[in-house]
Every structure is written in structure tokens, then in C-alpha cells.
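Visitor: I have a model open and would like to learn how to read it. Could you take me through some features one at a time?

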Amino acid sequence: AFVAAASVPVLILSALVMSETLFLAIVMYGLVVAGRSLRAPQSMPLLIAAAAIAALSVLVRTHGIALVGALFVALLAHRRWRDAGITAAFALVAIVPWQLWTAAHQGNVPVVLQGAYGSYGGWIGHALAQDGASFFSRTIASNVDRTAATLSAAVAPLTAVVPRAA
């Protein structure tokens, strides 16, 4: 946790007025609560807190859906079907109204700003209509490549290429 908190990207983002710092705090707390709820299968308040925090993370940054998905999959892996359903319900109740509102008001964002501030749903829908399902494989490959480059530069910025890649 200390290495992650002291990393250069986190330090840079923590000095800016952006949602990333709030998102990091929510996700870190959400992981703690989710872990506790997995260890205490009879505690409905912990489960509800974990589901609500995970859903809240999506409202702060859309990729918080990964926390919702992780909690859902972990509950399924523990054969807690009802609890996984509760988590999915919390996510839907929190996420769907916001997605509907952003879709309804998507045209209010100027075209030049839609790439940075528009709806992810609209962006994905346009990409699927234009490129088909290959959009997903290209996006995943690009993200893996960029993530690996960022991590290798942060972990070993001055070493040779082979050790950095490892």
C-alpha cells in the first residue's frame, strides 16, 4: 500500500483537482469492506456497505465497474448467490439512472469535447457500429501495451530493456 501511495502517478494526481484521488480513496475503502464482507457471510450490513461503496465508485469514475464485478465474482466463487444478486441490484440502482441521464443529455456536450467529457456508452456504441467487435480486442491490446510501458518505466526507469520488461 505504501509503494502504491508513494508512486509518482499517485503523487501527481493527488495534487490535482480531479476525481482520481476520490476514486482511489473509495476503491481502497471498498476493497477493505468487500474483504470483510467476504469473511463474514452472515453480515448483511457489511454486504450492503460493500455493494453501496462499489456502486458509488462507478459514479465517481466509470471504471469502478471493475470493483462491482470483482465483488460479484468473489461472491459467486463463495457460492453466495443471493448476495451476488444484492450486489448486482445495488449496482444497477446506482448506475442505470446516471447512464440514462447522460445518454439523454449527450448532445449538450460540444462535439469537440465529447471524446474527453462525453458518454462512454455513446463512445462504445459508435465504435461498435463502426468497427464491430474487433474494437474490444484492439482496445484491450492497446491498454495492456500502454499499462506495461507505464509500469516498466515507473518500476525500472533507468535499466536496460530486458530487465524492465521482466
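Visitor: Is Gly-121 buried, partly exposed or exposed?

Guide: Gly-121 has a relative accessible area of 43%, so it counts as partly exposed. This glycine lies in helix H8, residues 120-131. Keep in mind that the model is predicted.

Visitor: How far is Gly-121 from Gln-106 in space?

Guide: The two C-alpha atoms are 9.8 Å apart, while 15 residues separate Gly-121 and Gln-106 in sequence.

Visitor: How many helices and strands does the protein chain have?

Guide: The count is 10 helices and zero strands. Read in order, the pattern is α-α-α-α-α-α-α-α-α-α. The chain has 166 residues, and 21% of them count as buried.

Visitor: What share of the contacts links residues 24 or more positions apart?

Guide: Among contacts in the chain with a separation of 6 or more, 47% are between residues 24 or more positions apart.

Visitor: At what angle do helix H4 and helix H5 pack?

Guide: Helix H4 (residues 44-60) and helix H5 (residues 65-77) pack at about 150°, and their axes are 7 Å apart. An angle over 145 degrees counts as roughly antiparallel, and H4 is therefore roughly antiparallel to H5.

Visitor: Which residues of H4 and H5 meet?

Guide: From H4 come Leu-47, Ala-50, Ala-51, Ala-54, Ala-55, Ser-57 and Val-58. They meet Ile-65, Leu-67, Val-68, Leu-71 and Leu-75 of H5. Sorted by class, the contact has 11 nonpolar residues, one polar residue and no charged residues.

Visitor: Where is Ala-40, and which residues does it touch?

Guide: Ala-40 is in the loop between H3 and H4. Leaving out residues up to four places away in sequence, Ala-40 touches Leu-46 and Arg-80. Its relative accessible area is 24%, so Ala-40 is partly exposed.

Visitor: What should I look for in the phi of Arg-79?

Guide: Start with the general rule: most residues other than glycine have a negative phi. Arg-79 is not a glycine, and its phi is positive, near 60°. This arginine sits in the loop between H5 and helix H6 (81-104). With 66% relative accessibility, Arg-79 counts as exposed.

Visitor: Where does H6 bend, and by how much?

Guide: H6 bends by about 30° at Ile-95, and Pro-97 is a proline that follows within four residues. End to end, the 24 residues of H6 reach 34 Å from first C-alpha to last, close to the 34 Å expected at 1.5 Å a residue.

Visitor: Which residues of H6 are buried, and what covers them?

Guide: The buried ones are Asp-83, Ala-84, Ile-86, Thr-87, Ala-91, Ile-95 and Thr-102. Their cover includes H4 and H5.

Visitor: What does Thr-87 touch?

Guide: Apart from residues up to four places away in sequence, Thr-87 touches Leu-47, Ala-51, Val-68, Leu-71, Phe-72 and Leu-75. The cut-off for buried is under 20% relative accessible area, and Thr-87 counts as buried because its relative accessibility is 1%.

Visitor: Is Gly-85 buried, partly exposed or exposed?

Guide: Gly-85 is also in helix H6. Its relative accessible area is 37%, so Gly-85 is partly exposed. The C-alpha atoms of Gly-85 and Phe-72 are separated by 8.0 Å, with the two residues 13 apart along the chain.

How values were computed: Residues are numbered from 1 along each chain as its sequence is written. This is a predicted model: local features need pLDDT of at least 70, side-chain atom pairs count only at pLDDT 80 or more; totals for chains, interfaces and linings use all residues. Side-chain values use heavy atoms; hydrogens and water are left out. Axes are lines fitted to C-alpha atoms, for helices over the stretch in contact, and angles run from 0 to 180 degrees between N-to-C directions. Helices (H or I, at least four residues) and strands (E, at least two) are DSSP runs, numbered from the N terminus. Angles under 35 degrees count as roughly parallel, over 145 as roughly antiparallel, 65 to 115 as roughly perpendicular and the rest as oblique. Contact means heavy atoms within 4.5 Å. Ala, Val, Leu, Ile, Met, Phe, Trp, Tyr, Cys and Pro count as nonpolar, Asp, Glu, Lys and Arg as charged, and the others, Gly among them, as polar. Buried means under 20% relative accessible area, exposed over 50%, partly exposed in between (1.4 Å probe, protein chains only). The expected span of a helix is 1.5 Å times one less than its number of residues. The bend at a residue is the angle between axes fitted to the seven residues ending there and the seven starting there.
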